Amino acid sequence: MTGPDSPDAPGPAAALRPRLPSPLTEAADGRFARRGVRLLLKRDDLIHPALVGNKWRKLAPNLTAAAGRTVLTFGGAYSNHLRATAAAGRLLGLPTVGVVRGQELADRPLNPSLARCAADGMRLRFVDRATYRRKTEPEVLAALLRAAEAPEAYVVPEGGSNAEAVRGCRDLGAELAGHADVAAVACGTGGTLAGLAAGLAPEQRALGIPVLKGGFLDGEIRRLQDRAFGGPRGTWSLDDRFHGGGYARVSPELDAFAADFEDRHGLPVERLYVAKMLHALLTLTEEGAFPRGTVLAAVVTGRPFP
Ligand SMILES: *Cc1c(COP(=O)(O)O)cnc(C)c1O
């Protein structure tokens, strides 16, 4: 297929020369080897220096769909998605607006993450938490677009997980075909897992590690696959035991685990998502959850900021 609607049409983000397929490397690790398990690292953190990891896979198709319009999206004060969107705007010359949760942030100096967004040209709009929660209601969204003076903006949801994003993450699964039995990914909204599972071969399965507390993701992932593909795709499951108390909760033990993994493998380990997923894989391996001979692919969805 060719033409602007083809899934393989290059789109504006291709001009940024992403490193795709992302590298797949072996992490020789005695803790896994003892159990007869091989650990591979799927280095999505190396796709692009500014549009890091799964944010590239989710944003690239949305930048095509935006077709030059202002891109408006949402996030918290440390959102990786907001930073990636702002960087895309700078690199591609697209105006971007970031709606940030927390009116009180407007009166403080910008934290390093939001400062990076602003330096990349993103216009930041701070909204109170009650309004932020209602941001997908049509009247609330319309008011936000008016207030941002961007009534025609292309709207990307919080975390970037819409149907385009989920379809974009199918490539992640396809790149792993023939290379691993289980592909593991940390989950926020679940959009990356929804696409990854759809792209894997029938004999492979995806394992999602939610980093938020709540246990609401199963239904959300099914809904995302419905919208992206018209029904369920692939084999996937979630293990809800590894959020460590909730989003951005990083215990000293998890931090030490991540620092040790960095020493062993020379991989910068992002703490809020990637560390929890790697810790889950080691725990599951030590519990005997994977038969001997299993090949695991751990998706490195991001890298530490700054
Ligand atoms: C955003 C993000 C995720 C979560 O992706 P979802 O598609 O929302 O589940 C995982 N890892 C990193 C590093 C991220 O920035």
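At what angle do the axes of helix α10 and helix α11 cross? In this predicted model, local features require pLDDT of at least 70 and side-chain atom pairs count only at pLDDT 80 or more, while totals for chains, interfaces and linings use all residues. Residues are numbered from 1 along each chain as its sequence is written, and side-chain values use heavy atoms, without hydrogens and water.

Helix α10 spans residues 252–265 and helix α11 residues 274–286; their axes come within 10 Å and cross at roughly 85°. Axes are lines fitted to C-alpha atoms, for helices over the stretch in contact, and angles run from 0 to 180 degrees between N-to-C directions. Helix α10 is therefore roughly perpendicular to α11 (65 to 115 degrees). Helices are DSSP runs of H or I with at least four residues, strands runs of E with at least two, numbered from the N terminus. L254, F257, A258 and F261 of α10 contact A275, K276, L278, H279 and L282 of α11 (heavy atoms within 4.5 Å).

An open sheet of six strands has the order β1-β2-β10-β7-β8-β9, with mixed pairing. Two strands pair if DSSP finds at least two bridges between them. β1 (24–26) and β9 (236–238) are the edges; each has a single partner strand, so one side of each lacks a neighbour in the sheet. Neighbouring strands are turned by 25° against each other on average, direction ignored. Strand β8 (residues 205–210) runs parallel to β9, joined by three bridges. L207 stands opposite S237 in β9.

Helix α7 (residues 163–176) packs on this sheet. The helix touches β1, β2 (38–42), β7 (182–187) and β10 (295–299), and its direction makes about 140° with that of β2.

Key. Parallel < 35°, antiparallel > 145°, perpendicular 65-115°, else oblique.
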